[in-house]
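These are my notebook entries on a structure that is new to me.

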Amino acid sequence: MDHDQRTSFVRITLLLSFVLAGLLAETPVDKVNFEKEVYPVFENHCLVCHGPKEQKARLRLDARSFVFNPHRQSGPIIVKGDSKGSLLVKRLLGEKSIKKMPLAGDERSRPLTNDQISLIQKWIDQGAEWPDGIGADVSTSEHWAYKRSSKPDVPAIQDPVWGKNPIDRFVFAQLSEYGLKPQARADRTALIRRLYMVLIGLPPKPEEVDAFLNDTSADAWEKLVGMVLESPHYGERWGRHWLDVARFGESNGYEGDNDRPYAFHYRDFVIKALNTDMPFDQFVRWQLAGDEYAPGEQLAHAATGFLAAGPFNSLKPKEKEFYDHWDDMLGTTTAAFLGQTVACARCHDHKFDAISQKEYYQMLAAFRNTRTTNYTPTSAAGESKRMEEEISRFDDAQRNSYRETLLKQLPKSPGGVDGQAVAGEPGEDLDESLDSILAEDASGREDPLGDLLGKTGIKVIDPDGPTFRVKVAKSGFQRKILKSDPFFVSPPLKRTAQIQWVELPLPDREVELVLSVEGDDKNKGFEVFWASPQALDANGKRHPIEEGQRVGFLGRTGQKNQQFGPLLYQQSHWMQLPAAARFRIDPTMKSVRVGIGIPEGKVAASPVRFKIGLDIPQTEWLKNLPSEAKARRAELENKKNLLSKTSQVFCVMDKGGKPEQTWVLNRGDPESKGEEVQLGFLKVVTGESDAKPWHKTGSNNSTSYQRTSMAEWLTDWDKGAGPLLSRVIANRIWQHHFGSGLVETPNNFGVTGSNPSVPDLLDWLAWELYSNGWSLKHLHRQILMSEAWRLGTEFDEQQASAALKARESVQEKHGYSPLLLWRRSPMRLEAEVVRDSILATSGVLNTQMFGPSIKPWISSDAIKEGSTAKWPDNIQDGPETWRRSVYIYLKRSVLVPMMSAFGAPNATQSVGRRFDATIPPQSLFFLNDQTVLDLSAKFAERLVKEAGDQPEARIRLACVLAFSRKPAVDELVQSQKFLKAQTDFYESNPGTKGRGNMLALADFCQALLSSNEFIYIN
């Protein structure tokens, strides 16, 4: 074919291609009509077993939300666009080992034809479109979590033991239905350890175990339950459960991961609220809007740390980061209190639950006005002021007491300033005026002031020091007499109307001289003249000193804190003072003469009282405090320092009283704002999304009360979300008592979550909580007093097999797994309780509660993995760090390795249930971790101290401390053999010779701490 022929062929081919393409484009696609072709197949062949009346395998084929639900066990029923990957098609075809649906032999359902199966495959491959209005909307009307049920009837049980407690009657009725019998009650030793570990997370003390075992009264268990519930450790144990849900952390997370030094207040709020049995509805309201319910109250502000507790990218945050922060608040709030995955509707309508994107942003409006901040509530500021005042009163009392002691020790003075009367009576005026004395001076007396001291009535009439009174003269000094006296050359004394000299002996230490004047309102001040004893002796005789010699005086006025001196003899000084002043005296001074005068123009007709007293520096009297007073002052100082560190709380507050605008964000993008919305709630929960029925206002104009409105909706039992709220928390309580909740997905009560194993029991618990004032402790008592809680752990293979078959059958038919609580399953302790139990067993647990968190020692390798804001690398473990693990600083980028190894969450999102994975690092922790080695040695030291020298006594005590029980005979024998072998090994080694006994005992203690019995609750 030549070139032209090839060109013509290509042109014809292209032309035909375009023509064919046009024809094909005009041919309509053979699209399956779901309503007319597919849904009728479901109705005629499937809905008998998978419809509104029965849902085998938890599947409903009449409801879109169930069909596209990623099934909990088997995966999605339908994968849009992929019929081969869809479980529904596999079931219809009966591929490989999969049972073909409908089940053969089921007379209620007819098998599908090949054409019907092909039609469903074609529908799926075309995208499996399911138009609105076809089938049932079970998310809104039918799903169990949204039903507002009445309090269920308790099953009637005739059993004399299991028929007493309502909880037991629900459990026993279900067991009886499937032919199962409950295990016998656990022995008392196992029960007390179980109770302590579940309620407070610490092993019982040996004396507590003995007391319970010896109590034969009918209410012994009830008394023990009540006592342990009132332990302050209860709040620490159950507070840790809630902190998981609240994703509590003490750093920002992300790259910078900066610390939040005041975040611990939220943790303390949780512990205090639980210990005082704060009603759960108030517990909820305060966490959302404590600042609006109780403004200025520190605990209420601290409660809002729930909203602020999540991670936040604080490195130059933009609008997106703030929306992420608000999303975290909303997602955690709805998961924690409602068991709803509302955060899934941020970018589009919820794929499974009837929650629209619009409703998501209506709820988000409650948080759009918020800001996280470090804030000092008025109650905290007042507490700090009260503490300062208490310390001031304590200091004054101690200073005065020491001053009195000091005055009594002073040497007697010719001037009488030793506390003894010299002349006259207390308060008696001088018989002789200054005029008469000064008149004699004109006759040539050398020192008219020398005799003045003996002519004054000086007497101690006040514990503050010697007091004397002077009759005020009508005229001042005669200047012509004083001009020749070198004391009064500079400055002239015409300002002084009268003067008095007092010589005060001083102790051999630095002191302060306190002078004050009392009189009528005209006497606002006084003047003081100082002279060293070298310059003027007791008789008023002057002794010259060398020029420039230090006199040893520093003066300080009460007004300006002005410092004077050292003064020279030629530079004697007068000071105009307020009504009271202090002067510090050089410690080298043995005594000092004080001249006191009233300025001219201030002379009053009434007597004026001067007081002279000694004071000492704070360092002096503090050093001489009695031991009890020292301890008390140290306690006060510690409280003051703690208050200064803890007065601020990390919390959430509104930026103003006007709500911020809120829009629906297209695809969740802040730069693509759509419809503006107002505050609203979930219609699927309460049938109404309008927030007006729960709208609250208040007198505080700086907050919007949007969060209060949400809190009111959440806790409203009659019209709001109260019933669902109560179900969720009741399920959480049950979970931590038994290891698994009645609903296995505690943070998801939606259609993708688990169905309750005993629905009526869950509703009964919810009603019991609500009808008893939302008291969590009441619910605890109901559970703890049940036989179900006290079941033994003995395994029965026949019962276990029957229970397994029953669960599989019910799961297949009804889509849930029944409880069938015929025995107690062992529960592994959480990471925090493992560490706390080691500390308690070793005898070193520091039970100090509340306050800033601790940062215990962790390896340098773990620190290197953290962010730029590092964990301290110079920590030494000791009493300060041996506090309970709930007080460990939770830094998101540097988790304590032990906590991670045993499944503690990283606080990035709400965690409703931890998973008990068993991994090698757990064994390596007990084998190699330095903390375990150190505490094993402490455990050994405790055994030596409390059990003496006998190995058998040490072994017995070790088992009681570690397991709350005595060792069996074979355990005792094996333990003795182990101790001897280890001791011989160490003694044969030159490096450990002489320490074999203690090293072997520490190894034995480490073995006990590493055992399964130690880290499990039976």
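Entry one, the second largest cavity. In this predicted model, I looked up the second largest cavity and found that 14 residues line it, with Trp238, His241, Trp242, Ile729 and Ile733 lying nearest its centre. I noted about 140 Å³ of space for this cavity. I then asked which element gives the most to its lining, and I found that α11 does, with five residues. At least two lining residues each come from α11, α13 (280–293), α25 and α27 (776–784). When I sorted the lining of the second largest cavity by class, I counted ten nonpolar, three polar and one charged residues.

I next turned to the largest pocket, for which I wrote down a volume of about 1000 Å³. Of its 46 lining residues, I listed Phe738, Gly739, Ser740, Gly741 and Arg913 as the closest to the centre. The elements that give two or more residues to this lining are α11 (233–245), α25 (722–738), α28 (797–814) and β17 (827–828). The class count I made for the lining of the largest pocket is 19 nonpolar, 14 polar and 13 charged residues.

I followed helix α34 (residues 951–963) to helix α35 (residues 969–987), and their axes come within 10 Å and cross at roughly 120 degrees, which makes α34 oblique to α35. The crossing in which α34 passes α35 is right-handed. On the α34 side I found Pro951, Glu952, Ile955 and Arg956 in the contact, and on the α35 side Leu972, Ser975, Gln976 and Leu979. By class, this contact of α34 with α35 holds four nonpolar, two polar and two charged residues.

Continuing from α35 to helix α36 (residues 996–1009), I found that the two axes come within 8 Å and cross at roughly 135 degrees, which makes α35 oblique to α36. I noted a right-handed crossing for α35 and α36. Among the residues making this contact are Phe978, Gln982 and Tyr986 of α35, and Leu999, Leu1001 and Phe1004 of α36. I divided the residues of the contact of α35 with α36 into seven nonpolar, five polar and two charged.

Is the peptide bond from Met101 to Pro102 cis or trans? I found it to be cis, with omega near -10 degrees, and I placed Pro102 in the loop between α4 (87–93) and α5 (114–125). I also looked up Asp257, a residue other than glycine, and its phi has a positive value near 50 degrees. Asp257 sits in the loop between α11 and α12 (264–275).

How values were computed. Residues are numbered from 1 along each chain as its sequence is written. This is a predicted model: local features need pLDDT of at least 70, side-chain atom pairs count only at pLDDT 80 or more; totals for chains, interfaces and linings use all residues. Side-chain values use heavy atoms; hydrogens and water are left out. Axes are lines fitted to C-alpha atoms, for helices over the stretch in contact, and angles run from 0 to 180 degrees between N-to-C directions. Helices (H or I, at least four residues) and strands (E, at least two) are DSSP runs, numbered from the N terminus. Angles under 35 degrees count as roughly parallel, over 145 as roughly antiparallel, 65 to 115 as roughly perpendicular and the rest as oblique. A crossing is left-handed if the near helix is turned anticlockwise from the far one by less than a right angle, and right-handed if clockwise. Contact means heavy atoms within 4.5 Å. Ala, Val, Leu, Ile, Met, Phe, Trp, Tyr, Cys and Pro count as nonpolar, Asp, Glu, Lys and Arg as charged, and the others, Gly among them, as polar. On a 1 Å grid over the protein atoms alone, a cavity is a set of points where a 1.4 Å probe fits but cannot get out, and a pocket is an open set with protein on both sides within 12 Å along at least five of seven lines; lining residues have an atom within 4 Å of a point. Grid points are joined across faces, edges and corners, and a volume is the space filled by probe spheres set on the points.
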